[in-house]
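Thanks for coming. I will walk through one structure this morning, chain by chain and piece by piece.

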Amino acid sequence: MTILNESGIPDVLPPLHAVNGLAERLPDVLVVVVGTQAEAHLVQCLSAVPSPNLPPSRRDQRVIFAIIDPNDPPQQGLLASRIVESAAGLRGTSLVLLVAGRTAESLGVDAEFEARLVARKLDLPSEVVNPDAPREVPGILSTDLEDRVLTVLVNLCPKRKTSDLVETASPAKRGGLFGGLLGRGIEPSDSNDGRPVVLLGGTLKPGAAQGLAAELSRAGVEVAGAVPGSGMGELPPLGEGTVVAVMDPNLSSAATAAERRGATVVKTLMPVGVDGTARFVQDVAEEAGTRISEVARARSAWEDLGVLRNRIRGKRIFFTGDTGLEIPLARFLADAGAVVLEVGAPRLDRRFLAAELQTLGPDVDVVVSPDYRGQTNRIDESRPDVVISSPGLHLPLVARGHLCRSPRDFLEAGHYGYGGARRILELLVRTMDRAETLDSLNL
Amino acid sequence: MKLLRGVYEGPQSYGILRVAASIRGVHALLRALPGEAYFRTLHGARERTGEMAPVTLSPLREGRDSSMAPGNLVRDLSGVVRRHPKTEIVILVRSEASLLAGETIPATTLPEVEGTGRPPELVKFPWEEPAMRETEAAELALEDLIRARMHDRPERSPYPTVNLFGPPIFGPGAMAEYAEAERLLDMVGVEVNARVPLGANTGDLGRLPRAWANVLLYREVGESATLYLQDEFGMPRVTTPMIGAAGTGAALRAVGELCQLDPKSVQRTIWAELARTAKLPWYARLEPPETFQNRRVAIFGDFTYPLGLGYALAREVGLEVTACGTYLTHLERDFLFHAHTFTEGAFVEDDPDEVAARIEAAKPDLVVGTHLEQGVADSLGVPFLPLCPPVADRPFVGRPLMGYAGSSVLADALDNALRRASVEPAGEAGMQWTDGALQEAAEVPLFLRGRARRLAEERARRQGSGMVTRDIFLESRS
C-alpha cells in the first residue's frame, strides 16, 4: 500500500447535506440550521441520501432554517426564544441540535449560549454542531456531519460507572429510563468481567446495527444498544466499563468522544467483508470479556462467496472517495480478488484507521485529498471496470463511458457483516451484468 | 432574523453561477469554503447531461499559505486559464462565507492563453454582498457580463432580428421556452440573433446590438441587461409575458411592430397558430362554463410565471384568482402593479409558512406554485400544479409553458387537475370541533395544519363521531 498526498480539490458532497437524512433518521430531534440563505438553500437542494439522481427535496418539519440578515444580526437570546416558539408546535422533541458553522460565527451568533438558553427554557438537551470546526486531520468527508452529530449523541448517553454496574444488573433497580432497554435486550451476564458493548455507527441506514448486534450476541456478548440506534429515548449507557465498537471508518470524532467518557474503543477492522466482520466480532468479543474464534465461521462464509468472488476476480475498481467508507470496501474487494486501482481519501485519519490500512493489500494506492480533475484523467487512462464515484463525478464519468456506483449504494444495500459481504459482491456483479446487457444492444 | 422551513431562492453566488453556467465560454472561480461547493453536484443532478459545470473551487482556508494546494486566489485564477484554455471570460464569484470573512480580493490580471497570446477577460462583481439573493444577483451578473463584451458597436442586421432574454439554466423547461419563442418568431419572419443567457456563447454577448429589439421572456433575469442595451444602443424591449394565447399574441404583435412587419401577416400567423397549436382557448370553449364557475385558484412563484399564468387563468380560462404572490421581494412594486389587473389577492412573501397560510386563506380549488407549495395543496386536498420555479422536476424532455405550445401544455395540466378534482367526493362539511381539539390544532405548524385538520376529521368520521375531540385529534396525529 502506498499513500500519496495530491493536495487537490476533492469532489466531496458538502457535509451539510446530511441534515435532511439525520432529521429523518432521528425523528425526535429538531434540527435548526443557523446561517444565511446559503446554508438553507444547500440543505434544501441536496436531499437526504444523495445519489446521482437526486430525488426531489422534501420538507421535513423537523428541519428549520434560522436565516440571519447580515445587515441586521440578532440580539443575543433572540434566536433561542424563536426556536423555543417553533419547538412548541412539535410533539415528542427530545433534542434540539443547532447546526451553526462559520457563517453563524462571523455574524456574531453565540450558538453555545443560544443552545444553553434553549435547553433551559425547553428543559431538553440542546447542543451545537459546528460543521466547520477544525479537525485534527485536515480534509473533508461528506459524512462529517453524521460524525459530529454522533459525537453529540455519544455525549448525551447516560454515563455508566463501574459502581453502577452491579446496581443495574440487579432487577430491582432496573426501572429507570434506560433500565428497560437493558432488560428487553440481552440479560446482562452474571459474570462481572462481561462488559456491555455499544455499537457506534450505521447512521443513515435504520436497523443497520441489528445484524451485527445479533452476530455479537451469538458470540455471547451483551449488546447494550447502538448509537444512534432508534432515537434519543433509547440511547444506551456509555462510559467507563462500556466497550464501544465502531462500525464506520468515518466516525473518528465520535470515537474520540466515547474514549473521553472512559469507554474502551476497540481498535480493529470495520465490520465490512468476511475478514473484517470476523476480526470485528472476535476483537469486540475479546474486549467485552469473551474469547471466541471466528475462523470457522469466516472460512465457511468465504467459501460460500466462491462463485461471486470468481466474478469479481481481476476486475479493476477505482474509488474516487467521498464518504470515507471506501477504505474498508477496497480492503474487502482487494481480498476478494479485485484489482483496486486507487482509493481516494479526501481525509485520512491514519491513526484511527491503522488497522484498516495495515490490512489493505500491497498493491493498493491511497490518494489523500485527491484532485477530482486528476482523478478523472487517471480514470480515463486506466479505464477501470467499475468506478465507485462521488456524486459530483458520477454523471460526468458515466457520460465518458465509465461504469459507476455510489459508495452510498453499498450502504443502502446493507454492507455490514457476513451477509453484507455477499450483498457488496452481488451489487457489483449486478452492476456489471446490467452494463453488459445494455452494451450488447444494437442501438 | 427569520426562522423558515424552506427557501425559495439561493444565495447570490448561486444566481451568478446559474447565469455563468448558461453561457458557453464562461468559467467561474468560486471562492468558498470547501463545504459550500455544491453547484457542480447540483448541475450534474439537475441537467443530467454528463457535462461538468464550468466552476472551479478556490477553497477558503485559514492559516498560512505556504503549500501549493489550491486556496491562493491569484494562483487559482491562473489555474483556471491553464486548465480551460478555451475559456473567454473568467468570473470570480464569492460565497457568503467569503464575503462575510471580509477578505480583500487582490487586483490581478490573468495570464495569456497559450497559442492565442491574449488573456481571457476577468469579470468581478463588486456589488456582491451576503444579503443579496439569487435572482437579483443573476440579473446584475448578466448585465455585467454583457457590458464586459461590448467592445465595439456592431452593425444592425439587415433583416429583422431579436434577442431572447429567457430563464437561466436549471429551469425544468428553460430550453423549451426559448425554442418555442424562436419557433413563433421564425413564423412571423423574425430571426433570433441570440438566446441569452441559456444557449449563448461569449461571442453572442458582444453581438447583441445587431438585433432590432429585445424580447424579455423572463424579466427576473433579463431586466437590467435589456435596460442597459436600451440606454446604450437604443434597443426597444418587449416585456409582455409570452404566457397564454393572449399574452403570446400581444408579444408577437409588439415584435411585429418594432420590426416593421406587415401587421396583417403577423395576424395571419397568429390565427394559423390559434387554429393549429394553441389549445388553451379551445379548451376554454370546449368545457362547459360550470367547470370554471366559482373555482378559485391560488398562484405563487417568481415574477413572470405567476403573472402570466394568473392573467391567462383569470381572463382566458375564467377561474377566480383569489391569491397571487411572489417571493421576489425586490420586485414587490412591479409585481403588485401587474397582479392587481386580475386579482384582489396579490401579495409578496418569502416565508413558505406564511405563503401556505395565505393560500389556505384564499380557499383555492387549485394551487399553482413552486415545489414548496406541494405541502399546502396536499393539506388542503386540492390539486397542485408545480408550474413556477423553483420546481423539483428534472424531466429529460422540457416542455414549454410559454408561447402557443405552452398554452396547450397548460390546457392539459388544467384539464387533468380540474377533472380529477371534480370526481373527488367533497368532504363532509360542518364537522364540529371541541375547544380542546381546537387548542391542540393551533399548536400545529401552519403549513401542516390543514392536513392535520383533515386527518382528524377523517378519523372522527371513521369512528362514527360527529365531533372532533381532543383525543381524536391527538390519536390522528400519532
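Where does A:Ser7 lie? A:Ser7 sits in the loop between S1 and helix H1 (18-25) of chain A. Before going on, some housekeeping. This is a predicted model, in which local features need pLDDT of at least 70 and side-chain atom pairs count only at pLDDT 80 or more, while totals for chains, interfaces and linings use all residues. Residues are numbered from 1 along each chain as its sequence is written, and chains are lettered from A and ligands numbered from 1 in the order in which they are written. Helices (H or I, at least four residues) and strands (E, at least two) are DSSP runs, numbered from the N terminus.

Back to A:Ser7. Its phi is near 50°, a positive value in a residue other than glycine. Most residues other than glycine have a negative phi. A:Ser7 counts as partly exposed because 14 other C-beta atoms lie within 10 Å. On that scale, a residue is buried if 20 or more other C-beta atoms lie within 10 Å of its own, exposed if 12 or fewer, and partly exposed in between, with C-beta atoms placed from the backbone.

Next, the sheet in chain A. An open sheet of 6 strands runs in the order S1-S12-S11-S10-S13-S14 (chain A), with parallel pairing. Strand S1 (2-5) and strand S14 (404-405) of chain A each have a single partner strand, so one side of each is left without a neighbour in the sheet. Pairing here requires that DSSP finds at least two bridges between two strands. Strand S10 (residues 316-319) of chain A joins S11(A) in parallel through 4 bridges, and A:Phe319 stands opposite A:Val343 in S11(A). S11(A) also pairs in parallel with strand S12 (residues 365-368) of chain A, over 3 bridges. In S12(A), A:Val368 is the bridge partner of A:Ala345. Helix H14 (residues 326-335) of chain A packs on this sheet, touching S10, S11 and strand S13 (386-388) of chain A, and its direction makes about 170° with that of S11(A). Contact means that the C-beta atoms of two residues, placed from the backbone, lie within 7 Å. Axes are lines fitted to C-alpha atoms, for helices over the stretch in contact, and angles run from 0 to 180 degrees between N-to-C directions. As for burial, 6 of the 7 residues of strand S11 (residues 339-345) of chain A are buried.

Now chain B. Its secondary structure comes to 19 helices and 16 strands. Of its 478 residues, 54% are buried. Among contacts in chain B between residues at least 6 apart in sequence, 70% join residues at least 24 apart. The C-alpha atoms of chain B fill a box of roughly 85 × 70 × 35 Å, taken along the principal axes.

Chain B has a sheet of its own. This open sheet of 4 strands has the order S7-S6-S8-S9 (chain B), with parallel pairing. Its edge strands are strand S7 (191-196) and strand S9 (237-238) of chain B, each pairing on one side only. Strand S6 (residues 161-165) of chain B runs parallel to S7(B), joined by 5 bridges, and B:Leu164 stands opposite B:Arg195 in S7(B).

Which helices lie across these strands? One is helix H6 (residues 174-188) of chain B, across S6, S7 and strand S8 (213-216) of chain B, at about 160° to S6(B). Another is helix H8 (residues 219-233) of chain B, across S6, S8 and S9 of chain B, at about 165° to S8(B). The buried residues of H8(B) include B:Val221, B:Ala225 and B:Leu229. Their cover includes helix H1 (12-22), helix H5 (134-149) and helix H12 (304-317) of chain B. H5(B) and H8(B) pack at an angle of about 35°, with their axes 7 Å apart. Residues making that contact include B:Ala138 and B:Ile146 of H5(B), and B:Tyr228 of H8(B). Just after H8(B), B:Gly234 takes a positive phi of about 65°.

Last, some loop residues in chain B. The peptide bond from B:Val196 to B:Pro197 is cis, with omega near -5°, and B:Pro197 lies in the loop between S7 and helix H7 (202-206) of chain B. The bond from B:Pro389 to B:Pro390 is cis too, with omega near -5°. Most peptide bonds are trans. B:Gln260 is not a glycine, yet has a positive phi of about 55°. With 9 C-beta neighbours inside 10 Å, B:Gln260 counts as exposed.
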